[in-house]
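Visitor: Can we go through the charged side chains in this one? I'd like to start with the pairs.

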Amino acid sequence: MTTSARGATGTTANPALLVLEDGRTFRGRAYGAVGETFGEAVFSTGMTGYQETLTDPSYHRQVVVMTAPHVGNTGVNDEDPESARIWVAGYVVRDPARTPSNWRATRSLDQELRDQGVVGISGVDTRALTRHLRERGAMRVGIFSGDACAAGEEQLLARVREAPAMKGADLAGEVATQQAYVVPAIGEKRFTVAAVDLGIKGMTPHRMAERGIEVHVLPATATVEDIYAVKPDGVFFSNGPGDPATAEHPVALMRSVLERGTPLFGICFGNQILGRALGFGTFKLKYGHRGINQPVQDRTTGKVEVTAHNHGFAVDAPLDRVSETPYGRAEVSHVCLNDNVVEGLQLLDRPAFSVQYHPEAAAGPHDAAYLFDRFVSLMEDQRA
């Protein structure tokens, strides 16, 4: 959550200070806009795809620490953003590129952060910071540069601790579209899907459009009448930020879809919403999964996938048995091989499934692209 940012250039002449809520501090140099910002400190292990990370709405109100030491080498272009703006609250890097080098680059990452008022810090020992977050967990943080550094550390720490926590935050409505729009099918139209935008990434409807799906993207406040007004063959619930325990409207909306038996697919936040709709709880992970190198097993096939993640909450569902729910039997379909966190759910008696990660993989591996084909198969079966 950026509270103030100035358009001044982040240079070596501008010292910056990162203050964690447990009192640990890191000094560095201003990167991007100069000013102050607050959010939840999280780390991303992706070696590439920083532009997609920055523009992922799921990172709303989070300060992202990049574990890769060199960031900004390929600059910024106008093809790779996942939304119309940068959503991260702040950005932490070790060694930013002095000069970008890529044939598609139109400007530097530093310039893009300045232009969008995103306060960052460079020259930080991101390895030490990441180890600290792994040991202590994700926590509130502030970045201060320029005049904002003038206050004493105790005063800055007090301000960090006053910032809102991620647990209990209801944020999907802050990032979702306010007006419905349509992403047309590429080639012959085969199906119509109503996609509930809880923080959708641009590549997601594109992956569906590639499969002949016309996607009607609806606001997070959409009603069940809005969904069925487009006569959907399937319904999709997107990724998004915040605590799923606060998402009462999306849970009620999904239950209405489940009652009608319409093929349903959810990713990331949508997976947590399905978990809640089925009667499972959710909980906050210690430091979450973020990056493009997370190993997940599809338990229905035994296949292991390298997948792209961005989530700090997870579904609390049993791994060792099939569960009875108000909508029939359900089971955990995918699991993270690092920590056994639930990474997917599926109903056995109705056409509904979800995964906790990002099969659209922008940026990231394409191991999970088959999940869009699985969604198409559900709609084909329903139509037959």
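Guide: This is a predicted model. The structure holds 22 salt bridges.

Visitor: What does arginine 190 pair with?

Guide: Arginine 190 forms a salt bridge with glutamate 380, and the closest N and O atoms are 2.5 Å apart. The pair links distant parts of the chain, 190 residues apart: arginine 190 sits in the loop between β11 and β12, glutamate 380 in helix α10.

Visitor: Is arginine 190 buried or partly exposed?

Guide: Partly exposed, with a relative accessible area of 33% for arginine 190. Glutamate 380 also counts as partly exposed, at 34%.

Visitor: And which residue meets aspartate 298?

Guide: Arginine 374, in a salt bridge of 3.1 Å, N to O. Aspartate 298 lies in strand β16 and arginine 374 in helix α10, so this pair ties together parts that are 76 residues apart in sequence.

Visitor: Why does aspartate 298 count as buried?

Guide: Because its relative accessible area is 1%, and buried means under 20%. Arginine 374 is at 22%, so it counts as partly exposed.

Visitor: Changing topic: which residues form the positive surface patch?

Guide: Arg127, Arg131, Arg134 and Lys286. Helix α3 (residues 126-136) gives the most to the patch, with 3 residues. Arginine 134 lies in that helix and is partly exposed, at 44% relative accessible area.

Methods. Residues numbered from 1 in each chain as written. Predicted model: local features only at pLDDT ≥ 70, side-chain atom pairs only at ≥ 80, totals over all residues. Heavy atoms only, no water. Patch = residues over 30% accessible without salt bridge, like charges linked within 9 Å, V, L, I, M, F, W, Y side chains within 5 Å. Areas by Shrake-Rupley, 256 points an atom, 1.4 Å probe, with all protein chains shown as cover. Salt bridge = Lys/Arg side-chain N within 4 Å of Asp/Glu carboxyl O. Lys, Arg positive; Asp, Glu negative; His and termini not counted. Charge placed at Lys NZ, Arg CZ, Asp CG, Glu CD. Helix = DSSP H or I, 4+ residues; strand = E, 2+ residues; numbered from the N terminus. Buried < 20%, exposed > 50% of the residue type's maximum accessible area, 1.4 Å probe, protein only.
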